[in-house]
Amino acid sequence: FKQKTAYEIGVRLVGSEMCIRDRGSIVQLSYFTFMIGSMVAIGVSVDTFHKERQENTMNLLLARPVNRETIVLGKALGLTMVVGIPAFIAQIIGLYFMVTRGDVPPIGSMLAFLIFGQVMIFTMITFQLCLAISARSGSSVVIYGLSAWLLFALVWALIVIAMATVIGVDINGENFENDPDYQTFASRVGLLNPGVIYQMVVGLFTSRTLAIDLEGVPGWLALLSVFLWPIMCLRTATWLFKREMNG
């Protein structure tokens, strides 16, 4: 079968109601923002806790009158600012070049692109914190982080195709990605990928309505998912940190 990139899959996830020219550029830009932003986010947070374990500074941190939730949240917000501020500037520059080229997306999609781009970075930071706390060695932290980035940013589309094959969706046709069953399956599985969700909500705000059906996923569910992801990652990281400190 013909290999599809994550962007090609993502473009189809944001709804057939929008013109491909209007949605394509902003969704493509959101995909590249996710690919680069997630890589940097994972990179800067990859050894957050492991380094403190090695340098024996964790006990000094815990000796302060600060609870465990605050420690994890502080690290997450600090790392998000380190990545998010340069990313925000890069996003503005990307939009500038898009507009000067004559490709002007709706204001709503541009705001979603900027705001939810920062939410996406926070999500990837907290996701990597979960891996960093769980890993027992420096090499494990790097392997976990690299694997997560490869999964979400590069090989996701191929995994979706493989899963669709297993459940019986026909992917033998040349344009199988336009098959309604495949689109519905890919959209629903896409809720497990923060990068795909980011593309969804950018497309959602391009359409300017929560009533839109994103190829099988209601608009409100995509919007809810973009907030649930960072909350769940943060809660998981906090739980893992508490368990380790109490263990």
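## A cluster of aromatic rings

In this predicted model, Phe127, Phe152, Trp156 and Trp229 are linked into a cluster by ring pairs, where rings of Phe, Tyr and Trp (its six-membered ring) pair if their centres lie within 6.5 Å, with planes under 30 degrees apart counted as stacked, over 60 as edge-to-face and the rest as tilted. Across the whole structure, 9 aromatic pairs are found.

One of these aromatic pairs joins Phe113 and Tyr198, which are stacked, with 6.4 Å from centre to centre and 15 degrees between the planes. This pair links distant parts of the chain, since Phe113 lies in helix 6 (residues 107–134) and Tyr198 in helix 10 (residues 194–207), 85 residues apart. Both Phe113 and Tyr198 are buried, a word used for residues under 20% relative accessible area, while exposed is over 50% and partly exposed lies in between (1.4 Å probe, protein chains only).

Phe116 and Phe227 form an edge-to-face pair, because their ring centres are 5.8 Å apart and their planes stand at 70 degrees. Here too distant parts of the chain are linked, with Phe116 in helix 6 and Phe227 in helix 11 (residues 219–246), 111 residues apart. Phe116 counts as buried because its relative accessibility is 7%, whereas Phe227, at 41%, counts as partly exposed.

Phe227 also belongs to a nonpolar patch on the surface, which it forms with Leu210, Trp220, Leu224, Leu228, Ile231 and Met232, and which has about 680 Å² of accessible area together.

## The protein as a whole

The protein has 11 helices and 0 strands, where helices (H or I, at least four residues) and strands (E, at least two) are DSSP runs numbered from the N terminus. Of its 247 residues, 51% are buried. Among contacts (heavy atoms within 4.5 Å) with a separation of 6 or more, 77% are between residues 24 or more positions apart.

The accessible surface, computed by the Shrake-Rupley method with a 1.4 Å probe, comes to about 12,000 Å², and 66% of that surface belongs to carbon and sulfur atoms.

Residues are numbered from 1 along each chain as its sequence is written, and side-chain values use heavy atoms, with hydrogens and water left out. The model is predicted, and local features need pLDDT of at least 70, side-chain atom pairs count only at pLDDT 80 or more, and totals for chains, interfaces and linings use all residues.

Definitions and conventions. Patch = residues over 30% accessible without salt bridge, like charges linked within 9 Å, V, L, I, M, F, W, Y side chains within 5 Å. Salt bridge = Lys/Arg side-chain N within 4 Å of Asp/Glu carboxyl O.
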